[in-house]
Amino acid sequence: MNEPIVTRHWLALAAPKTAPALATTTVLALARVWNANGAEHSLGNAVLMTALSIGAAAAGACASVGRAGDPVIAGTAFAASGALAFAGVAGYTDGLPLPLLLWSVATAGAYGLAARYWRTDRRTRTAHERHVSDRREEHAHLERLEAIRGTTQIEVARTGAAYAEALAQALTARAALPGFDPQALTAAGLPTVVGPVGDAPRGIAAAPAAHQIPTHTESE
């Protein structure tokens, strides 16, 4: 879950913010070029741009009606309709004041619509980052639990091995004591343990026979 942290360049962050202004400026520039090449006061060109604008608006209206309506297609169609109307007016008029006024209105409207999508995108991105952070924390917690569990199991295994080794050493040392008689322990019925491999069961609480306390009889 260790993901690299990627820092985007400021140009990459600022480029989407300039898209609406670039779009409207491009339309204005193309319209003025068209104006200089014979579109000024041309009734036929004005009718053509009006028809195209109305057609795009009708397509957007149709795309936004009903349950099967697609908001992306509808928004694109309405944007195209506005761009065609703006280009028609900017190409028909002979001065710059009206085209510049329409350019400012179109730019403001484009930024208003784009701000809505930017806000939705920011909310989606924030929710995704929060979800990823929660998943990362959950996985890190599970990894810590597994590490603690594994360490505990290793420590338990080491402790058991050390205890078994100490017990084997104690049994070996007890068997080496002088006067130790395992048969006496068995005959006395004391509990026995299994010693090293190959040894018979031996008592765990018996003292060596040479150190046993003699019993007194009634004759004494």
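Mentor: The following account concerns helix H3 and its surroundings. The model is a predicted one, and H3 covers residues 71-92.

I begin with the packing against H2. Two packed helices are described by the angle between their axes and the distance between the axes. Helix H2, residues 43-63, packs with H3 at an angle of about 165 degrees, and their axes are 7 Å apart. Angles over 145 degrees count as roughly antiparallel, and H2 is therefore roughly antiparallel to H3. The crossing in which H2 passes H3 is left-handed. On the H2 side the contact includes Leu43, Met49, Leu52 and Gly60. On the H3 side the residues in this contact include Ile73, Phe78, Leu84 and Tyr92. Sorted by class, the contact of H2 with H3 comprises 18 nonpolar residues and four polar ones, with no charged residues.

I turn next to H4, which spans residues 97-175. The axes of H3 and H4 come within 8 Å and cross at roughly 165 degrees; these two helices are therefore roughly antiparallel to each other. Their crossing is left-handed. Here Phe86, Val89 and Ala90 of H3 meet Leu98, Pro99, Leu102 and Trp103 of H4.

Finally, H3 takes part in the lining of the largest pocket. This pocket has a volume of about 560 Å³. Its lining consists of 19 residues, and Gly75, Phe78, Ala79, Ala110 and Leu113 lie nearest the centre. The elements giving two or more residues to that lining are H3, H4 and helix H1, residues 10-39. By class, the lining residues divide into 15 nonpolar, three polar and one charged.

Key: Residues are numbered from 1 along each chain as its sequence is written. This is a predicted model: local features need pLDDT of at least 70, side-chain atom pairs count only at pLDDT 80 or more; totals for chains, interfaces and linings use all residues. Side-chain values use heavy atoms; hydrogens and water are left out. Axes are lines fitted to C-alpha atoms, for helices over the stretch in contact, and angles run from 0 to 180 degrees between N-to-C directions. Helices (H or I, at least four residues) and strands (E, at least two) are DSSP runs, numbered from the N terminus. Angles under 35 degrees count as roughly parallel, over 145 as roughly antiparallel, 65 to 115 as roughly perpendicular and the rest as oblique. A crossing is left-handed if the near helix is turned anticlockwise from the far one by less than a right angle, and right-handed if clockwise. Contact means heavy atoms within 4.5 Å. On a 1 Å grid over the protein atoms alone, a cavity is a set of points where a 1.4 Å probe fits but cannot get out, and a pocket is an open set with protein on both sides within 12 Å along at least five of seven lines; lining residues have an atom within 4 Å of a point. Grid points are joined across faces, edges and corners, and a volume is the space filled by probe spheres set on the points. Ala, Val, Leu, Ile, Met, Phe, Trp, Tyr, Cys and Pro count as nonpolar, Asp, Glu, Lys and Arg as charged, and the others, Gly among them, as polar.
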